[in-house]
Each structure stands twice: as C-alpha cells, then as structure tokens.
Amino acid sequence: MKDAKVFGLKFGALLAGLSLVCGILLYTAPDLTMQVAGYLTHSSIQFAAKPFDLWAFVLGLLLWGIIGTAIGYIIAKMC
C-alpha cells in the first residue's frame, strides 16, 4: 500500500471509535450489553460482568487505538 501510516492511523481511529461505542453501551446499559454479547457468542457471560469505571474506559480506548494503529500499519505494509 502506498501510505501505510495513514491507513494505520485510520484503522486505529476506527477501533478506538468502536471501543468508544462499546464503552458508552457498557456504561449506560451493562446488563443488556452483556446479554447481547452472550447471544452473539452463544454462551453465558453474565459472570464476567464487573464494575465499569472511567479509568478502564480510557485505558481501553487508548490501547485499542494504539493496537489498531500498529495492526493497520502492518497490514498496509504487507499489501
């Protein structure tokens, strides 16, 4: 791919945006979100629910952005 850095940054922004949506859903409706995730994975993950705090939200957003950027850059370099 011609510009791997741009693709990597866009991919990282996409994953950070998805993490933001997921965090908002978990904050506003944790039980419903866990129930939907259980339906999608065909399992019961209610036991995995734990209290949601702002620090975990910010850390997850940051990590998904960094990991997504790295993965996007690697994918773009391979193509």
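Predicted model: local features only at pLDDT ≥ 70, side-chain atom pairs only at ≥ 80, totals over all residues.

Student: What distance does helix α1 reach from its first C-alpha to its last?
Tutor: Helix α1 covers residues 4-28, which is 25 residues. At 1.5 Å a residue, a value of 36 Å is expected. The distance in the model is close to that, at 36 Å.

Student: How far apart are the end C-alpha atoms of α3?
Tutor: α3 has 25 residues. At 1.5 Å a residue they should span 36 Å. The end C-alpha atoms agree with this, being separated by 36 Å.

Student: Which helix is included in what covers the buried residues of α1?
Tutor: The buried residues of α1 are Ala 4, Gly 8, Gly 12, Leu 15, Ala 16, Ser 19 and Gly 23. In the other direction, Phe 57, Gly 65, Gly 68, Gly 72 and Ala 76 are buried in α3, and their cover includes α1. The cover over the buried residues of α1 includes, in turn, α3.

Student: Is Ser 19 buried or exposed, and which residues does Ser 19 touch?
Tutor: Ser 19 sits in helix α1. Its relative accessible area is 13%, under the 20% cut-off, so Ser 19 counts as buried. Leaving out residues up to four places away in sequence, its contacts are Phe 57, Gly 60, Leu 61 and Trp 64.

Student: How far is Leu 18 from Gly 8 in space, C-alpha to C-alpha?
Tutor: Leu 18 also belongs to helix α1, but with a relative accessible area of 51% Leu 18 is exposed. Leu 18 and Gly 8 are ten residues apart in sequence. Their C-alpha to C-alpha distance is 15 Å.

Student: What separates the C-alpha atoms of Thr 33 and Gly 23?
Tutor: Thr 33 is part of helix α2 and counts as buried at 17% relative accessibility. Beyond residues up to four places away in sequence, Thr 33 touches Leu 25 and Leu 26. Thr 33 and Gly 23 are ten residues apart along the chain, and the separation of their C-alpha atoms is 10.0 Å.

Student: How many aromatic pairs does a search of the whole structure find, and what is the angle between the planes?
Tutor: The search of the whole structure finds one aromatic pair. That pair is Phe 7 and Phe 11, stacked at 6.2 Å centre to centre, with an angle between the planes of 15°.

Student: Why are Phe 7 and Phe 11 separated by about one helical turn?
Tutor: In an α-helix there are 3.6 residues a turn, so residues three or four places apart point the same way. Phe 7 counts as partly exposed at 29% relative accessibility, and Phe 11 is partly exposed as well, at 24%. The separation is about one helical turn because both residues lie in helix α1 and their spacing there is four residues.

Student: What is the phi of His 42?
Tutor: Most residues other than glycine have a negative phi. His 42 is not a glycine, yet its phi is positive. His 42 is placed in the loop between α2 (30-41) and α3 and is exposed, with a relative accessible area of 75%. Its phi is about 55°.

Student: How much accessible area does the nonpolar patch on the surface have?
Tutor: The patch is formed by Trp 55, Leu 59, Leu 63, Ile 67, Ile 71 and Ile 75. Ile 75, one of these residues, lies in helix α3 and is partly exposed, with a relative accessible area of 36%. Together the patch residues have an accessible area of about 550 Å².

Key:
Residues numbered from 1 in each chain as written. Heavy atoms only, no water. Helix = DSSP H or I, 4+ residues; strand = E, 2+ residues; numbered from the N terminus. Expected span 1.5 Å × (residues − 1). Buried < 20%, exposed > 50% of the residue type's maximum accessible area, 1.4 Å probe, protein only. Contact = heavy atoms within 4.5 Å. Patch = residues over 30% accessible without salt bridge, like charges linked within 9 Å, V, L, I, M, F, W, Y side chains within 5 Å. Areas by Shrake-Rupley, 256 points an atom, 1.4 Å probe, with all protein chains shown as cover. Salt bridge = Lys/Arg side-chain N within 4 Å of Asp/Glu carboxyl O. Phe/Tyr/Trp six-rings, centres within 6.5 Å; stacked < 30°, edge-to-face > 60°.
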